[in-house]
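Here are my notes on the model you sent over.

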Amino acid sequence: MAKVLIIGEHDGHNLNPATAKTVQGASGLHIDDVDVVLFGSDLDAVAAQAAAVAGVQRVLTVTHDDFAHPLAARIAPEIAAMAGDYSHILTGSTTLGKDLLPRAAALIGVNQVSDIMEVLDARTFKRPIYAGNAIVTVQVPEGAPVVGTIRTASFAAAGEGGSAEIVAAEARAEDPGHTRFVRVEGGGGDGPDLASADIVISGGRALGSSDNFAVIHSLAKKMGAAVGASRAAVDAGYVPNELQVGQTGKIIAPDLYFAIGISGAIQHLTGIKDAGTIVAINKDAEAPIFEIADFGLVGDLFEIVPELEKAL
Amino acid sequence: MKILVTIKRVVDYNVRVRVKPDGSGVETEGVKMSINPFDEIALEEALRIKERGEAEEVIVTSIGGNEVQQQLRTGLAMGADRAIQVETDQPVQPLTAARILLKLVEKEQPGIVFLGKQAIDDDCNQTGQMLAALWGRPQATFASKVELADGKATVTREVDAGLEVNEVDLPAVMTSDLRLNEPRFVKLPDIMKAKRKPLETLALADLGAEPAADLVATAYEPPPKRGGGKLVASVAELIGELKNKGLL
Ligand SMILES: Cc1cc2nc3c(=O)[nH]c(=O)nc-3n(C[C@H](O)[C@H](O)[C@H](O)COP(=O)(O)OP(=O)(O)OC[C@H]3O[C@@H](n4cnc5c(N)ncnc54)[C@H](O)[C@@H]3O)c2cc1C
Ligand SMILES: Cc1cc2nc3c(=O)[nH]c(=O)nc-3n(C[C@H](O)[C@H](O)[C@H](O)COP(=O)(O)OP(=O)(O)OC[C@H]3O[C@@H](n4cnc5c(N)ncnc54)[C@H](O)[C@@H]3O)c2cc1C
C-alpha cells in the first residue's frame with residue numbers, strides 16, 4: 001500500500017505555500033496516490049486551492065468548529081486515526097508542522113524524519129543537522145509509516161492545474177479539552193510573506209533601533225521585498241519575532257537576499273543557505289557574511305542603503 | 001508543584017562542527033560540550049517560577065553516559081534542587097527519549113515538564129511534543145512567555161504568523177524558545193554548593209521504557225559549499241551585477 005497523506009496548512013482563506021512545496025517534495029517518492037487532508041471550520045475556499053495543486057489525487061476535508069484554530073493536541077489524534085491507510089504522512093516544516101507532526105508520530109509509535117531536504121527513495125532521506133553544518137542520510141525502518149516534515153526551502157511549489165476530487169471526511173477523535181486557543185498577535189504586515197518572497201531584505205544589530213530599521217523597510221517597499229532580521233535585531237526589539245531568519249527562525253530560499261549589518265553567524269547562515277543570490281552590506285571587511293555572499297559591499301549601511309534605494 | 005527540566009549535552013553552539021572525512025559521523029572528539037541552549041532557557045524559566053513561589057522543586061534530568069553529569073551539575077549550580085541521570089551509553093532518538101521521560105514523569109508527577117524546543121545538534125524538534133502525546137497532556141511549544149494561575153498556564157508561543165497565545169491545563173509539557181528569558185550566569189560558590197546536591201543515577205533498563213525503532217543514519221556529508229563571491233566597489237557596480245543576473 002503506497003499512499004501519501006499530506007496535512008495541508010491554511011488560514012481559512014488561503015492555502016499556505018508550504019503545502020504545495022510539500023507536495024513537490026513528496027513527488028520524489030514516486031507514489032501517485034496522494035491525499036491532502038485539511039482541518040478547518042470552513043474549508044470551501046482552501047479545498048478548491050488544494051485540489052488545483054498538481055499531483056494531488058484527493059482532498060479530504062474534515063470540517064468542525066474545533067478546527068477553527070489548529071491545535072496539535074486536537075488534530076494529532078485525527079492523523080493517528082488515519083495513519084493505517086497510508087505509507088507516508090508528511091507536512092511542511094512550518095511552526096504548525098513542527099508542533100503537530102511529532103505529536104502524531106508518537107501516537108503512531110514512530111520516530112519522525114524532521115526537515116527532509118532530499119528524497120532518495122521511499123524510505124531514505126537527507127536532512128540537515130548541527131545547524132546545517134552536516135547533512136545526514138537516514139533510513140526509516142520497515143513496518144510502519146514514514147512520518148516526516150518537508151523542509152520547504154528545499155523545494156519549489158508544485159504547479160497548478162490539478163483537479164483533485166474533494167471528499168468530506170468525519171472527525172474521528174474528541175477534543176481533549178485541556179488546550180485552548182486564545183489569540184494570535186502580529187503578522188499582517190503589508191509586504192510579501194517572508195517565507196515565500198522572491199526578495200528578502202534583512203537587517204541586523206547594526207540598525208541600532210526600530211526607528212533606524214525604517215531604512216530597511218523603505219528599501220524593501222521599493223523592491224517589493226519581504227523584511228527579515230537577525231536574532232540580535234529581534235532580541236533588541238527592532239522588529240517582531242516572526243521576522244527572524246535562521247536556525248531557530250525561518251529557513252528561507254528567496255531568489256535574492258540582502259544581509260545588511262548582519263555579521264553572518266552560523267545560526268543566521270543556516271536560514272539562507274538556499275537563497276539564490278546573497279548580497280552583504282557590512283562595514284567590517286572581515287565579517288564572515290562575506291565568505292558566503294555572492295556580492296559584498298563594504299561600508300556604512302546608513303550611507304549605502306539610501307543610495308541603493310535612490311539608484312533603483 | 002514540581003517542575004522537571006530536561007538537559008541535553010550537546011556540542012557548544014560556538015563550535016563549527018565538521019563531518020569526519022570517512023562520512024561516518026561528525027567530529028565530536030575533544031570538542032567543547034555544553035547544555036543545549038534551549039534547555040538552559042527552560043531551566044531558567046523553571047527557576048523563576050519557583051522563585052515566584054509557584055513551584056516547590058526543580059528537578060533536572062538527562063539521558064546519557066556519565067559525561068552528562070557535568071551538565072547536570074551545571075544545572076544544579078544554576079539552582080535546580082536535584083538531578084536524575086538516566087544512564088545509557090547509546091544515543092536515544094526522540095521517541096525513545098519521550099518514552100523514558102514518561103517513566104520519569106509517572107515517578108515524579110511534575111506539574112510542568114520543561115524541554116528545549118530543539119536540541120542544536122540533531123535539530124529534531126520532536127521530544128517535547130512526543131512526550132505530551134504519550135502522556136495525554138497539553139503541549140505549549142516554542143514558548144516565549146509563561147504565566148501560571150489556578151492550575152492553568154497561559155503561554156505565548158513564537159509561530160510563523162507572530163505570537164500565538166494558548167491556555168493549557170496543568171500538568172503540561174512546555175518547550176522553550178530563545179526569547180523566553182536570559183539564563184543567569186553561574187557563580188563560583190554555586191558550583192561548590194552544587195557538588196553537595198543530590199544526583200541520582202537510574203539504569204535505563206530499570207525504568208522499563210520500550211525503545212522505539214530508530215532511524216538509521218547511513219552517511220554524513222558536509223553541506224554543499226556556496227561558491228565564493230566577490231566584493232563590489234560601489235552601489236552602481238552592485239546594481240550592474242544584479243541586473244546581469246536578471247535579478248533586477
Ligand atoms: C541556539 C542559538 C540559536 C540562534 N538562532 C539564530 C537565528 O535563528 N537567527 C539569527 O540571526 N541568529 C541566531 N542566533 C544568534 C547568532 O549567533 C548571532 O548572535 C546573531 O545572528 C547576530 O546578529 P547580527 O549579525 O545582527 O549581529 P552582530 O553579530 O552584532 O553583527 C552586526 C554586524 O553589523 C556590522 N555593522 C555595524 N555597524 C554597521 C554599519 N553602520 N554599517 C554596516 N555594517 C555595520 C558589524 O560589522 C557586524 O558584522 C542564535 C544563537 C544561538 C545560541
Ligand atoms: C538517524 C540518527 C542517527 C543518530 N546517530 C547518533 C550517533 O551515532 N551518535 C550520537 O551521539 N547521536 C546520534 N543521534 C542523535 C541522538 O539520537 C539524538 O539525541 C536524538 O535524535 C534526539 O534528537 P534531538 O536531541 O535533536 O531531539 P529534540 O526533539 O530536538 O530535543 C528537544 C529537547 O528534548 C530534550 N532531550 C532530547 N534528548 C535528550 C536527552 N538525551 N537527555 C535529556 N533531554 C533530552 C532536550 O530538552 C531537548 O532540548 C542520531 C540521531 C538520528 C536521528
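1. A quick definition before anything else: a residue counts as near a molecule if one of its heavy atoms lies within 4 Å of it. Keep in mind too that this is a predicted model. With that cut-off, ligand 1 has 29 residues around it, and the closest are R205(A), S230(A), T248(A), S263(A) and N282(A).

2. Which chains make up the site of ligand 1? Both A and B contribute residues around the ligand, so the site is shared between chains. Within chain A, three helices each supply at least two residues of the shell: α6 (231–235), α7 (266–269) and α9 (301–311). Sorted by class, that shell comes out as 13 polar, 11 nonpolar and 5 charged residues.

3. A nitrogen atom of the ligand sits 2.7 Å from a polar backbone atom of V245(A). One of the ligand's oxygen atoms is 2.9 Å from a polar backbone atom of R231(A), and an oxygen atom of ligand 1 is also 3.1 Å from a backbone N or O atom of Q247(A). As for cover, ligand 1 on its own has 980 Å² of accessible area, and the protein covers 85% of that.

4. On to ligand 2, which has 27 residues around it. T6(B), K8(B), D39(B), Q126(B) and T127(B) come nearest. Residues of chains A and B surround ligand 2, so this site is shared between chains as well.

5. In chain B, strands β4 (57–64), β6 (112–116) and β12 (216–221) each give at least two residues to the shell around ligand 2. The largest share, 3 residues, comes from β4(B). By class, the shell divides into 12 nonpolar, 10 polar and 5 charged residues.

6. Side chains show up among the polar contacts of ligand 2. A polar side-chain atom of K8(B) lies 2.4 Å from an oxygen atom of the ligand, and an N or O atom in the side chain of T127(B) is 2.7 Å from a ligand oxygen. The backbone takes part through V92(B), with a polar atom 3.1 Å from an oxygen atom of ligand 2. The protein covers 83% of the 930 Å² of accessible area that ligand 2 has on its own.

7. Last, a lysine. K193(B) belongs to helix α5 (residues 188–194) of chain B. Its relative accessible area is 45%, so K193(B) is partly exposed. How far is K193(B) from P211(B) in sequence and in space? The two are 18 residues apart in sequence, and their C-alpha atoms are 36 Å apart.

Notes
Residues are numbered from 1 along each chain as its sequence is written. Chains are lettered from A and ligands numbered from 1 in the order in which they are written. This is a predicted model: local features need pLDDT of at least 70, side-chain atom pairs count only at pLDDT 80 or more; totals for chains, interfaces and linings use all residues. Side-chain values use heavy atoms; hydrogens and water are left out. A polar contact is a pair of N or O atoms within 3.5 Å; within protein, one must be able to donate a hydrogen and the other to accept it, and residues adjacent in sequence count only if both atoms are side-chain atoms. Accessible areas come from the Shrake-Rupley method with a 1.4 Å probe; for residues, only the protein chains shown count as cover. Helices (H or I, at least four residues) and strands (E, at least two) are DSSP runs, numbered from the N terminus. Ala, Val, Leu, Ile, Met, Phe, Trp, Tyr, Cys and Pro count as nonpolar, Asp, Glu, Lys and Arg as charged, and the others, Gly among them, as polar. Buried means under 20% relative accessible area, exposed over 50%, partly exposed in between (1.4 Å probe, protein chains only).
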